[in-house]
Every structure is written in C-alpha cells, then in structure tokens.
Amino acid sequence: MPGLPVVSDATRDERILALDPENISAAQVREMLAAAPAPRIVALQGSVTFVTMEPLAQFLVAMGYPEARLRNPADGSLSYSSFADSARLAGVLAWHYEREGMMPMLIGHSQGGMLAIRVLHELAGEFHSSIDVWNPLEDRDEGRAWITDPVDGKRRDVIGLKVGFASALATGKLPRIFLGQWSMLGKLRQIPDSVVDFTGVIILWDPIAGTFPGGEPYRAQGSANVRNVELPAGTSHIGLPDMRTLGRDPATRAAIDAYRPVADGSASALEGVVVDEPGKLVAAAELWYGVKKHWCLEAQRVIRARRAHAASTPR
C-alpha cells in the first residue's frame with residue numbers, strides 16, 4: 001500500500017508478528033527486527049550547542065538500530081537542534097508518517113526534552129487550532145493541515161496524530177524560567193494523549209534542571225502511559241547523552257539488552273555492572289527498552305496493515 005514501507009518475506013513476517021514487544025532479546029533484534037522497517041527517531045539536543053545527541057544516536061546504532069533512521073534527512077546529522085518551532089516540528093513528524101508509514105519517536109535532552117513535550121502538546125491541539133505539514137527536505141510549508149493516512153488512505157488532520165514513544169532526559173522547569181519559556185511551565189510535567197508511552201528521566205539534585213527529591217513527577221493528562229525514572233545525584237546533566245561506550249562494551253551492552261523495567265526504575269539485569277555513572281546506565285537501558293518495544297510494535301502494525309490491504313484488494 002502506498003506510504004507503508006515494504007516488509008520482509010512471509011516467514012520472517014510471521015516471526016515478527018509472534019514477538020512479544022515487551023521482551024525483545026538481542027538475538028531477535030539482530031535476526032528479525034534488523035530486517036524490518038523502523039520508525040525514524042528525532043533526537044533533540046539541549047541548549048548547549050556543543051552537547052549534541054550524536055553519542056546517544058551512536059549508542060542506539062551500536063545496540064542494533066538502523067543508523068539511517070536516526071539521521072536528519074535535511075542535513076544527515078544525528079542530532080536535531082532544540083531551537084526549533086514546535087508546530088513546524090509537529091508538521092515534520094506528520095510529513096514523515098505520511099511518506100514512511102511510521103510515526104517518528106522523540107527523544108530530547110534538557111531543552112530538547114522540553115521541545116519534545118511541547119510537540120506532544122502541539123499534536124494534542126493545545127497551542128494551535130491547526131498545524132500545517134512541513135517538508136523537511138525542502139524546508140517549506142506544504143500549505144495543508146492534513147495528511148493522507150498511509151494505513152487506510154483517509155484524510156487526517158495533523159492535530160490528533162500520535163507518537164508511539166517519547167522521552168525527556170534531564171528536563172526541568174528552572175531553565176524554562178531563565179529562558180522565558182513561560183508557556184511550558186504549566187505543561188512541562190503534563191503528558192497529553194498524543195503519545196502512547198512516555199519516559200521522563202530525572203536527575204536528583206540536578207542544579208541545571210532544578211530537580212530535587214520529591215519534586216513534581218511527569219503525569220498523564222489522560223491515556224498516555226507515563227513512566228518516571230529517577231537517576232541518582234551526581235549523574236552528569238551535560239554528560240547524560242554520551243552513552244556510546246555503553247553500547248560498545250560487551251558487559252554493559254548485555255545488561256542493557258537484558259533490562260526489563262520495574263516499578264521503581266531499577267532491574268536486576270543492571271546489578272553488579274560496574275560503570276562510572278550508574279545513572280547513565282539506567283537511562284540508556286530505559287531508552288533502549290522503549291525504542292525496541294515500539295520498533296517491534298510499529299513493524300507489526302505495518303505487516304498487519306499490508307496484509308489487510310492485500311486481503312481487501314480485488315484480484
């Protein structure tokens with residue numbers, strides 16, 4: 001069907017459909033998901049320009065995610081600026097969904113986390129009554145506030161689209177005050193229904209983000225699954241996105257692959273793993289869990305959609 005990515009052979013499709021998205025092993029990533037279509041990931045860096053999301057993207061590539069789906073199609077970079085218009089970025093997500101058949105994921109660090117959350121509020125219609133589709137390759141407004149849904153061919157407004165997975169790393173209210181981002185103060189910890197799963201990663205006693213024990217957690221406004229993960233004091237705010245070595249070291253990679261989140265944000269798979277910053281290891285494991293879960297879910301959705309379309313097409 002136009003707009004949906006081509007999937008693999010029928011045997012592999014059956015194996016992908018049989019996967020449990022919440023229990024994906026390293027072997028399943030390597031042998032099955034690697035051959036499946038993958039959603040684009042928009043990795044938004046913070047306000048400090050020399051701290052990019054490239055090391056985090058390299059971590060995801062080392063874990064098995066397709067590098068092409070992490071690169072900005074406009075310039076080939078592995079990191080997106082957080083000094084961007086949120087409505088325009090929401091329009092970019094719609095453009096990708098219409099053409100690629102998979103809604104991008106959002107991961108933001110510091111101010112990038114704020115922008116990721118603001119985009120979710122944009123998709124929920126909380127800032128504008130309509131949002132135009134934005135072409136990132138030509139950097140232009142397409143002059144329409146709707147897409148043709150690649151699944152059913154119907155027209156859909158940009159407002160109302162839903163992201164599968166989004167995460168904000170070390171994002172706090174204090175910088176919003178300093179930077180005059182007043183419209184986000186009341187919305188920063190409120191996660192709308194425009195995302196399925198959201199993971200908020202908070203560093204305790206983070207002087208840059210202004211987050212402290214007992215502070216305000218992320219909360220769902222409605223149906224979103226919201227997970228709060230607290231990292232210990234001493235975890236570097238600036239250094240948090242630099243996860244590349246965790247994906248390259250056999251011991252940390254194995255622990256991250258085996259990680260399954262529990263209610264308090266820890267898991268036995270990470271116990272006994274010696275690293276300089278345990279908090280960064282937890283954050284990396286949480287991100288990889290969410291990314292591969294929604295990679296699997298999106299691949300399964302594409303397979304089912306193509307099969308449904310084939311079954312309804314007259315022969």
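**Exercise 1: Salt bridges**

Lys187 and Glu126 form a salt bridge, with their closest N and O atoms 2.9 Å apart. This is a predicted model, in which local features need pLDDT of at least 70, side-chain atom pairs count only at pLDDT 80 or more, and totals for chains, interfaces and linings use all residues. Residues are numbered from 1 along each chain as its sequence is written, and side-chain values use heavy atoms, with hydrogens and water left out.

Task: state which parts of the chain Lys187 and Glu126 link, and classify the exposure of Lys187 and Glu126.

Step 1. A salt bridge is a side-chain nitrogen of Lys or Arg within 4 Å of a carboxyl oxygen of Asp or Glu. By this rule the count comes to 18 salt bridges.

Step 2. Lys187 lies in the loop between helix H6 (174–178) and strand E8 (190–191), whereas Glu126 lies in the loop between helix H5 (111–123) and strand E3 (134–135), 61 residues apart. Helices (H or I, at least four residues) and strands (E, at least two) are DSSP runs, numbered from the N terminus.

Step 3. Buried means under 20% relative accessible area, exposed over 50%, and partly exposed in between (1.4 Å probe, protein chains only). With a relative accessible area of 21%, Lys187 is partly exposed; Glu126, at 29%, is partly exposed.

**Exercise 2: Burial in H3**

Task: determine how many residues of helix H3 (residues 54–63) are buried.

Step 1. Eight of the ten residues are buried, and H3 is mostly covered.

Step 2. Among the buried residues are Pro55, Phe59 and Met63.

Step 3. Gly64, which follows H3, has a positive phi, near 125°.
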